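This briefing is intended for a student who is meeting the structure for the first time. Please view the sequence and the model together before reading on.

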Amino acid sequence: EQPVTYEQIFIFTLLAGVFAMLVWGRIRYDLVALSALVIAVAGGVVPAEHAFSGFGHEAVVIIALVLVVSRAMVNAGAVEFIAQYVVNAQRSLPVHIGIMSVVGAALSAVINNVAALVILMTLDMETARKAARSVSLSLMPLSFATILGGMITLIGTPPNIVIAQYRRDAFGEPFAMFDFAPVGIVCAIAGIAFVATIGWRLLPKRLQASPQEAVESAVYFAEAGFPEDSEWVGKTPRDLAELADQHDVVILGLIRRGKRLAGFSFDETIMKSDRLMLEGDPKSIEAFSGKAKLEIAGTPAKDGLTSRSMTIVEAIVPAGARAEGRSADSMRLLGRRGVTLLGLSRQGARSRNRVRQTTIRAGDVLLLLGPDNRVADAIEWMGAMALADKSHTVIQRSKALTTIGIFAAAVAAAVAGLLPLTVALAAAVALYAFFNIVGPSEVYEAVEWPVIVLLGSLIPLGLALEETGGTALIADFIVQQTDALPVWGVLVLVMVVTMTLSDFLNNVATALIAAPVAVGVANSMGVNPDPFLMGVAVAASCAFLTPIGHKNNTIIMGLGGYRFGDYWRMGLPLEIIIILVSVPMILLVWPL
């Protein structure tokens, strides 16, 4: 046997320390990974000239671009466009979970699965509220479904990108866009069938009795006008009532020639210069105004609410602020600052005044619309304070089909081999910026930089593990301990170990470490490494036992009222099902 070298001892000790720190979770994972990279360079196992080579790796670039594409899909309402046809509070819970899960999985196959969950969970929570049931019964199934859907394509989840690029580095040819689909689709179908029929019933009964209500925004009164070519001119507010009701918006009346008409004006004929007075929360007002193609002061009418990337921010007015005792019109908020006062909330009281002519008092919460940087400047100038986590992207619904078309063209160009995937996605991002679907600052905000730092730092460490012979040592140990098992049994073992790691570590880190070990095991046994790589891709994505294994599970924890121990109840049977259905499918599509 070959003696263990200094480099192997060093890299094993360092990676053990990284794993321990990631499981401990007190220090941010990107800082842990970057620190480990610096230590590896200082220890001589990673050459200084290769220290930051990971940041230029194709996997890192693809993940960053996919996150920007996901933001564009959200901004243009592409997801909302699809979801509006499938959400219905009248359906039974299993049917609702089944439909939401299918939509979530399908969206996760083409956009980042975290983005798919964030959008769909707001619809899921709204449906739960209307159906008067606990959101805890449907949020976890939805989270698991979006994780499963990401396994279907190359760009659906970061582990698939990591595995594809590792195969290119190791064998000269990456996995293609839809190479993951046969196994991913079977896993998604089996997983969704389980969470929709049995899985949700395994959640603890205490959650059913105490639904967790999401923190809701304040209720505002706001104004919206009618563009010249509006379909509502010549009709009455009563004709808009059903659409308003669907979006939980109340029509308070009509403003004509600067004055509010008496009563609710439901049967008054709408004129071009009229404005509607509305009451609702920010998202409801934004969604209703966009759907009805209404115009808000200071925003172009031809694209509904906006023709560029805009944000709605909630801000509270403290005593002594510059805005106190003044109105938006007297401050010339729109003319000087390029920001519109969209709505105003005052302890639930309704106002008979026009929003922009209402005198602002201390304690009022303002709903401000404008480009990100301008809104921030206006809030500071007025002496107001933005409420944390109370900003809402204004959806550019007229650009939904353009956004989907650009993305479809990019994927088609990559699949047809006309462009490398990185170039195709970069071209899509450039077009999104050109059409103002994603603003210049949003391109950078959309990228999850901690994940990029984690990946860029761990790639050289993974390479060092291979080059020092560490991967071969682990692979030989696994083969020696499992020589009585058939090859498929070793594949199952590799997947179980990878799944267990993924439940406690970041799935990107798990894929980076497990991929070379899996290939080493396959080479030691003299079999095709592809089924082992595909097994790692599947297993690294399946983090269902804990709230820390996947960001989607972390996001739903507070909203659903879940505890750490609730996840394994539905997650453990699901992981067993994934092993049972994926291994035969992997061996069928990727023979040994």
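Arginine 168 is partly exposed, with a relative accessible area of 27%; buried means under 20% relative accessible area, exposed over 50%, and partly exposed in between (1.4 Å probe, protein chains only). The model is a predicted one, in which local features need pLDDT of at least 70, side-chain atom pairs count only at pLDDT 80 or more, and totals for chains, interfaces and linings use all residues. Residues are numbered from 1 along each chain as its sequence is written, and side-chain values use heavy atoms, with hydrogens and water left out.

**Salt bridges**

- Side chains of opposite charge can pair when their charged atoms come close.
- A search of the whole structure finds nine salt bridges, a salt bridge being a side-chain nitrogen of Lys or Arg within 4 Å of a carboxyl oxygen of Asp or Glu.
- Arginine 168 meets aspartate 169 in one of them, at 2.9 Å from N to O; aspartate 169 counts as partly exposed because its relative accessibility is 46%.
- Glutamate 223 and arginine 275 form another, with their closest N and O atoms 3.1 Å apart.
- Because glutamate 223 lies in strand β1 and arginine 275 in strand β4, this pair ties together parts that are 52 residues apart in sequence; strands (E, at least two residues) and helices (H or I, at least four) are DSSP runs, numbered from the N terminus.
- Both glutamate 223 and arginine 275 are buried.
- A salt bridge also joins glutamate 268 to arginine 256, the closest N and O atoms being 3.4 Å apart.
- Glutamate 268 lies in the loop between β3 (259-260) and β4, and arginine 256 in strand β2, so the pair ties together parts that are twelve residues apart in sequence.

- Strand β4 (residues 275-280) is largely enclosed by the rest of the structure, because six of its six residues are buried.
- On one side of β4 are Arg275, Met277 and Glu279, and on the other Leu276, Leu278 and Gly280.
- Six of the six residues of β1 are likewise buried, so β1 is largely enclosed by the rest of the structure.
- From β1, Tyr220, Ala222 and Ala224 point one way, and Phe221, Glu223 and Gly225 the other way.
- Strand β1 (residues 220-225) pairs with β4 in the antiparallel sense over six bridges; two strands pair if DSSP finds at least two bridges between them.
- Which residues of β4 are bridge partners of phenylalanine 221 and glutamate 223? Phenylalanine 221 has glutamate 279 as its partner, and glutamate 223 has methionine 277.
- Strand β2 (residues 250-256) also pairs with β4 in the antiparallel sense, over five bridges, and leucine 254 has leucine 276 as its bridge partner there.
- Strand β6 (residues 340-345) runs antiparallel to β1 and is joined to it by two bridges; leucine 344 in β6 stands opposite phenylalanine 221.

**Aromatic pairs**

- The structure holds seven aromatic pairs; rings of Phe, Tyr and Trp (its six-membered ring) pair if their centres lie within 6.5 Å, with planes under 30 degrees apart counting as stacked, over 60 as edge-to-face and the rest as tilted.
- Among them is the edge-to-face pair of phenylalanine 175 and phenylalanine 180, at 5.5 Å centre to centre and 65° between the planes.
- Both phenylalanine 175 and phenylalanine 180 are buried, and ring pairs link Phe175, Phe180 and Trp590 into a cluster.

**Helices**

- Helix α3 (residues 58-75) has 18 residues, which at 1.5 Å a residue should span 26 Å, and its end C-alpha atoms are 26 Å apart, in agreement; the expected span is 1.5 Å times one less than the number of residues.
- Of the 18 residues of α3, 14 are buried, and just after α3 glycine 77 takes a positive phi of about 75°.
- Helix α15 (residues 400-415) reaches 23 Å from its first C-alpha to its last, close to the 22 Å expected.
- Among the buried residues of α15 are Ile406, Phe407 and Val411.
- Just after α15, glycine 417 takes a positive phi of about 80°.
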